[in-house]
Amino acid sequence: MASNLTPTFAYTVVYVKDVAKSVAFYAKAFGTNVRRLDQSHRWGELESGQTTLAFTPLHQHETDDLTGEVEIPSSSSNKRNPVEVCFDYADVDAAFKRAVENGAVAVSEPEDKQWGQKVGYVRDIDGLVVRLGGTVHEKNKAHQQ
C-alpha cells in the first residue's frame, strides 16, 4: 500500500504581483514555453522540464486565511526569498545576456564554480533570485559529495 504514497513533484508555485506579466517575462527572459495562462490571469504555468513552474498572485482569499500571507523582502534590503528558481543551459553566458536584455536584473555574472558548473544569478521582475547554470560535469560530481 505504501506505493500509493510515493509522490511525484508537480509544481513550484511562485507568488507574484502580476501573473500575466511574470509569465510573459519568464518566456522572453529565460526562453520557457507558456503552458497555460488562465483567463482570470490568476494562474499561469510554464513548461520547465519534468515539473511545472507556476505563478499565482501574492494575495488571494483562498489561501491567505488558511496558510498566511506571503512576505516578500523589500527591494531595498540585502535579503532574498528563501527559494530560488534554477534553470540549466548549455550556454550560460548567452542565457544570462538574454535574461538581462529582457528585464532581469544582473546579480552575478556567470563564472566557473569549483564543483564543475558555470553559474550566474539574476533577479526577476518580482525580485526572486534566478540561477542560470550549466550541467555539472561528471568528473566533478564526486567533489560535491
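Modeller: Let's start with a term: a polar contact is a pair of N or O atoms within 3.5 Å; within protein, one must be able to donate a hydrogen and the other to accept it, and residues adjacent in sequence count only through two side-chain atoms. This is a predicted model, where local features need pLDDT of at least 70, side-chain atom pairs count only at pLDDT 80 or more, and totals for chains, interfaces and linings use all residues. Residues are numbered from 1 along each chain as its sequence is written, and side-chain values use heavy atoms, with hydrogens and water left out.

Biologist: Let me try that on Q117. Which backbone oxygen does the side chain of Q117 reach?

Modeller: That of G134, at 2.7 Å. The side chain of Q117 also makes a polar contact of 2.9 Å with the side chain of W115.

Biologist: Where is Q117 found?

Modeller: Helices (H or I, at least four residues) and strands (E, at least two) are DSSP runs, numbered from the N terminus. Q117 lies in the loop between strand 6 (105-112) and strand 7 (118-123).

Biologist: And is Q117 buried or exposed?

Modeller: Buried is under 20% relative accessible area, exposed over 50%, and partly exposed in between (1.4 Å probe, protein chains only). Q117 counts as buried because its relative accessibility is 10%. Across the protein, 34% of the 145 residues are buried.

Biologist: Which residues is Q117 in contact with, leaving aside its neighbours within four places in sequence?

Modeller: Contact means heavy atoms within 4.5 Å. Q117 is in contact with D88, E111, D112, R131, G133, G134, T135 and V136.

Biologist: How should I read the strands around that loop?

Modeller: Two strands pair if DSSP finds at least two bridges between them. Strand 6 and strand 7 are antiparallel, with five bridges, and E111 has V119 of strand 7 as its bridge partner. Their hairpin has five residues between the strands, and G116 there takes a positive phi near 90 degrees.

Biologist: What does strand 7 do with strand 8?

Modeller: Strand 7 runs antiparallel to strand 8, joined by five bridges. G120 is bridged to L132, and V122 to V130. This hairpin too has five residues between its strands, and G127 in the turn has a positive phi of about 90 degrees.

Biologist: In what order do the strands of the open sheet come?

Modeller: The four strands follow the order 5-8-7-6, with mixed pairing. Strand 5 and strand 6 are the edge strands, each pairing on one side only. Strand 5 runs parallel to strand 8, with four bridges, and F87 is the bridge partner of L132.

Biologist: Which residues of strand 5 are on its covered face, and which on its uncovered one?

Modeller: In a regular strand, side chains alternate between the two faces of the sheet. In strand 5, V85 and F87 make up the covered face, while C86 and D88 are on the uncovered one.

Biologist: Which residues have the most contacts inside the largest nonpolar core?

Modeller: A nonpolar core is a set of buried Ala, Val, Leu, Ile, Met, Phe, Trp, Tyr and Cys residues joined through side-chain atoms within 4.5 Å. The largest has 23 residues, and Y26, F30, F55, F87 and L132 have the most contacts inside it. Elements giving two or more residues include strand 5 (85-88), helix 3 (92-101) and strand 8 (129-133), while helix 1 gives the most, six residues. Residues that F87 touches include Y26, F30, L53 and L132.

Biologist: And how many helices and strands does the protein have?

Modeller: Four helices and eight strands, in the pattern β-α-β-β-β-α-β-α-β-β-β-α along the sequence.
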